[in-house]
Amino acid sequence: MAQEAQEIDPCKVLGIRIDQQGKVTRSNRIPTVPPSCNATGPEAPEDGVLSKDVTIDPPTGLTARIFLPQQQQDAESVQRLPVVLSFHGGGFVLYRPSTILLHGSCHRAAKACNAIFISVDYPLAPEDRLPAAYEDAVTAFRWLRSQALETEVLDPWLESRADFSRVFLSGESSGANIAYNLSLRVFDETGALQVPPLRIAGVVLIQPFFGGIERTTSEVRLAHDKIVPLPVSDLLWRLALPEGADRDHPFCNPLKGGRPSREVLKRFPATMVAVMGLDPLLDRQLEFLKMLQEAGVHVEQRIDPTGSHGVELLDMAKAEALCRDISTFMSSSSVTPSTSSL
């Protein structure tokens, strides 16, 4: 199977071209969609969910797309909703919150979980290699904290509807990698940014994208996977990691020399890790899950034996099942205020 995988053209699978200078040109084979609201038009809900784009860091132009479920018309009072700071997948190289598949994923999750989803439009590699996406995740977190502190111009949706005592950090694939690395910063020991008044109720990691030099059994067994065959995974890491880094760099392989301290990990709140049985990354995800558990993190595992990597973007039945799992996890997670720091 590994021999067969070597015959795969990863650029063709990803829909990109790389010139001799290393510049990446991305295809537009997966379209983008606008939010339901724009700067001049009225608020027009899409199947019960409003969406809009906001600038969260004017100096850098960092933006996010916010998804807000509509309140039931017969509600007697304003219902405040949990907030999910979300990071999309795409191997750090592809897609935006406006990409139709990812817009649809956040829309479904916001409706199913009855929560405000904030999908961050982080910078893509190789134009902005890691840790650029991690740094913008921190910027997005700081912005969310400033909304809770009311220290700058408030977004009206968050001001009127957000429950900042129920904040979740979430991501899919490479976005789950970002959410995990953001969590390390949030719960580290530096005290660079106090979390309160935000209360981090939980972390949701959906098929986190990790790698390593040594192949795992699931990578070899599923080397010819249609979504992330080995050549595709290797190329994504080559484009995303800092120049000169290999796949055992801590950004890619948290189980190697750069693994975080138990003191940091044990500060994590309840963490849901969703994995798929037909994902080449399965073994790495299970080892990562074990690392969290051994550090004392309360981990809730969700496994779909017949799911593949990114299946929730294409299979609506599996997408709905995953949304139900996330909703159940969010409802049951502790909302005790965190005293950790970023």
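Which residues does Tyr180 touch, not counting residues up to four places away in sequence? In this predicted model, Tyr180 touches Leu205, Phe210, Pro254, Pro260, Leu265, Phe268, Phe288, Met291 and Leu292. Tyr180 belongs to the largest nonpolar core, which has 79 residues, and together with Ile118 touches the most other members. Helix α4 (residues 132-149) supplies the largest share of this core, with nine residues. A second, separate core consists of 21 residues, among them Val84, Ala201, Ile326 and Phe329. In soluble globular proteins, nonpolar side chains tend to be buried together.

The charged side chains form 15 salt bridges. One of them pairs Lys111 with Asp47, the closest N and O atoms being 3.0 Å apart. Lys111 lies in helix α3 (residues 100-113) and Asp47 in the loop between β2 (24-26) and β3 (49-57), so that distant parts of the chain, 64 residues apart, are linked. Lys111 counts as partly exposed because its relative accessibility is 44%, between the limits of 20% and 50%.

Another salt bridge joins Asp121 to Arg96, again with the closest N and O atoms 3.0 Å apart. Asp121 is partly exposed at 21% relative accessible area, and Arg96 is partly exposed at 33%.

In the salt bridge between Asp234 and Arg215, the closest N and O atoms are 2.6 Å apart. Asp234 lies in helix α8 (residues 230-240) and Arg215 in the loop between β8 (200-206) and α7 (217-221), so the pair ties together parts 19 residues apart in sequence. Asp234 is buried, at 15% relative accessibility, whereas Arg215 is partly exposed, at 30%.

Technical notes: Residues numbered from 1 in each chain as written. Predicted model: local features only at pLDDT ≥ 70, side-chain atom pairs only at ≥ 80, totals over all residues. Heavy atoms only, no water. Core = buried A, V, L, I, M, F, W, Y, C linked by side-chain atoms within 4.5 Å. Buried < 20%, exposed > 50% of the residue type's maximum accessible area, 1.4 Å probe, protein only. Helix = DSSP H or I, 4+ residues; strand = E, 2+ residues; numbered from the N terminus. Contact = heavy atoms within 4.5 Å. Salt bridge = Lys/Arg side-chain N within 4 Å of Asp/Glu carboxyl O.
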